[in-house]
Amino acid sequence: MTPEGNWIHKKGIKPDINVKLPDYASLPYISPDKELKASDSSSEVKAAEEMLKEAGHDPGKIDGFFDEATKNAVTAFQREQKIKETGTIKDDTTVKLMQVIQEKILKNDTQVKKAVEVLKKEINK
């Protein structure tokens, strides 16, 4: 229920201001226990390729296939993050990759930025 007592169950509410998050904010979780390596093909590989791109490393074509370009991007990411350079995504590499994306989401949170902008206008009225 809303503060005014309106029932919104199964109806939802429409925002006064619609602000879209960047696409990388909805990338799926990748299990650090699962190893992603050369010649793998999966939705997890595609998510990792997208994360690598957002982290500033070119994985080549983002198609869910772990090719040489993906391996090179992983190795460069590992080197930058001072992680053992294996060319595969597992354990520390997976965790760090997701942390980098999380930090980018927090730093570039379009919804928080818009909320601050709206609040500043309200305060200055």
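**Close-up views of a predicted model**

**View 1. A negative surface patch is made up of D33, E35, D91 and D92.** The structure is a predicted model in which local features need pLDDT of at least 70 and side-chain atom pairs count only at pLDDT 80 or more, whereas totals for chains, interfaces and linings use all residues. Residues are numbered from 1 along each chain as its sequence is written, and side-chain values use heavy atoms, with hydrogens and water left out. Patches consist of residues with over 30% relative accessible area and no salt bridge, like charges being joined within 9 Å and nonpolar side chains (Val, Leu, Ile, Met, Phe, Trp, Tyr) within 5 Å. Asp and Glu count as negative, Lys and Arg as positive, and His and the chain ends are not counted; a charge is placed at NZ of Lys, CZ of Arg, CG of Asp or CD of Glu. Accessible areas come from the Shrake-Rupley method with a 1.4 Å probe, and for residues only the protein chains shown count as cover. D91 is partly exposed at a relative accessible area of 39%, where buried means under 20%, exposed over 50% and partly exposed in between (1.4 Å probe, protein chains only).

**View 2. The largest nonpolar core has 20 residues.** Such a core is a set of buried Ala, Val, Leu, Ile, Met, Phe, Trp, Tyr and Cys residues joined through side-chain atoms within 4.5 Å. The members that touch the most others are I30, L36, M51, L52, F77, I89 and L97. At least two core residues come from each of α1 (43-54), α2 and α3, and α1 gives the most, with five.

**View 3. A salt bridge joins the side chains of K104 and E54 at 2.7 Å, N to O.** The pair connects distant parts of the chain, K104 in helix α3 and E54 in helix α1 being 50 residues apart. K104 is partly exposed at 24% relative accessible area, and E54 is partly exposed at 27%. With a salt bridge defined as a side-chain nitrogen of Lys or Arg within 4 Å of a carboxyl oxygen of Asp or Glu, the count comes to seven.

**View 4. In helix α4 (residues 110-123), E117 and K114 lie three residues apart, about one turn of the helix.** Their side chains meet in a salt bridge of 3.1 Å, N to O, and a further salt bridge, of 3.6 Å, pairs K121 with E117. K121 is exposed at 53% relative accessibility, whereas E117 is partly exposed at 35%.

Notes:
Helix = DSSP H or I, 4+ residues; strand = E, 2+ residues; numbered from the N terminus.
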